[in-house]
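Here is a short briefing to read alongside the model. It covers two ligands and the space around them.

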Amino acid sequence: MNNMQTLLQELPSDLDQDLLPRHVAVIMDGNGRWAKRRGLPRIMGHRQGVDVLKNLLRCCRDWGIKALTAYAFSTENWGRPLEEVDFLMTLFERVLVRELQEMMEENVRIQFVGNLSSLPSSLQSQIYRSMTLTKDNQGIQFTVATNYGGRQEILQACRALATQVQQGQIQPDQIDEALFSRHLYTANVCDPDLLIRTSGEMRLSNFLLWQMAYAELYITDVYWPDFNRQQFHKALSAYQQRERRFGKI
Ligand code: IPE
Ligand code: IPE
Ligand code: MG
């Protein structure tokens, strides 16, 4: 490794280590527009986006951020042309196979959240394999939201709790925020402190609706395939300028 790379891996000196978000969530948007602007098919944007996510994961790890969650495929994305959906499913599977060894070496703990049971079965196998293999890793918690929808997640938690009430295991008034959170896919990770959305759209698109209650929102016009360390540095600088009041004064 040369000196340049070593230098780049340090936290930029203008950022305060103690004020970093513990958990960063990203809506990786703008792959299609990035490709279109270059006269390329949309799928080229998705392919490029994989490297960007890989770099961001490494950057979070280098800079001491404990958790990263990325929105890879929403429950609404099934509405896209079949060939794009197929390409994405194949891409997820291929990347997972390719990157697993490196994630092990880098101590990454990967998990997938969403309605995984309706994904292609070969993708499901790789998902379970990667989650099982990395489950004891103590490094960064990397969560990939795949066939994920915030409303769907909340509904499945409601159904699970309703069943427990029906079976007499809990009383309705025992359902509080903590118990509810433990029935979400993200039970093992704290709520995101910072949400980054690329490509300029000012919406949540059904991402982590419950968990995002007090996240700081950072929206950049940069398309996802162009999002790099410098862009992430800017997002963290902006985050560190925010005054998080949580309703107090
Ligand atoms: C985000 O980029 C990737 C996925 C939703 C899978 P898009 O594919 O939404 O790109 P745009 O928004 O059409 O440019
Ligand atoms: C959100 O992006 C989903 C992912 C990034 C996986 P979309 O491109 O699907 O969102 P909308 O359609 O602009 O709301
Ligand atoms: Mg989009």
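Let's start with ligand 2: one of its oxygen atoms is 3.3 Å from a polar side-chain atom of Arg80, a polar contact (a pair of N or O atoms within 3.5 Å; within protein, one must be able to donate a hydrogen and the other to accept it, and residues adjacent in sequence count only if both atoms are side-chain atoms). This is a predicted model, in which local features need pLDDT of at least 70 and side-chain atom pairs count only at pLDDT 80 or more, while totals for chains, interfaces and linings use all residues. Residues are numbered from 1 along each chain as its sequence is written, chains are lettered from A and ligands numbered from 1 in the order in which they are written, and side-chain values use heavy atoms, with hydrogens and water left out.

**Ligand 2**

- Arg197 also places a polar side-chain atom 3.3 Å from an oxygen atom of ligand 2, and the side chain of Asn77 has an N or O atom 2.9 Å from an oxygen of this ligand.
- Of the 390 Å² of accessible area that ligand 2 has on its own, the protein covers 78% (areas come from the Shrake-Rupley method with a 1.4 Å probe; for residues, only the protein chains shown count as cover).
- The residues around ligand 2 include Ile27, Tyr71, Phe73, Arg203 and Ser205 (each has a heavy atom within 4 Å of the ligand).
- Strand β2, residues 67–74, gives the most to this shell, with three residues (helices, H or I with at least four residues, and strands, E with at least two, are DSSP runs numbered from the N terminus).
- By class, the shell around ligand 2 has five nonpolar, two polar and four charged residues (Ala, Val, Leu, Ile, Met, Phe, Trp, Tyr, Cys and Pro count as nonpolar, Asp, Glu, Lys and Arg as charged, and the others, Gly among them, as polar).

**Ligand 1**

- Arg80 turns up here too, with a polar side-chain atom 2.7 Å from an oxygen atom of ligand 1.
- An N or O atom in the side chain of Arg33 is 2.7 Å from an oxygen of ligand 1, and a polar backbone atom of Gly32 is 2.9 Å from one.
- The protein covers 86% of the 380 Å² of accessible area that ligand 1 has on its own.
- Among the residues around ligand 1 are Asp29, Arg42, His46 and Leu88.
- Helix α2 gives the most to the shell around ligand 1, with three residues.
- That shell has three nonpolar, five polar and four charged residues.

**The largest pocket**

- The volume of the largest pocket is about 910 Å³.
- Its lining has 41 residues, with Met28, Asn31, Tyr71, Ala72 and Phe92 nearest the centre (on a 1 Å grid over the protein atoms alone, a pocket is an open set of points where a 1.4 Å probe fits, with protein on both sides within 12 Å along at least five of seven lines; lining residues have an atom within 4 Å of a point).

Terms used: Points joined across faces, edges and corners; volume = space filled by probe spheres on them.
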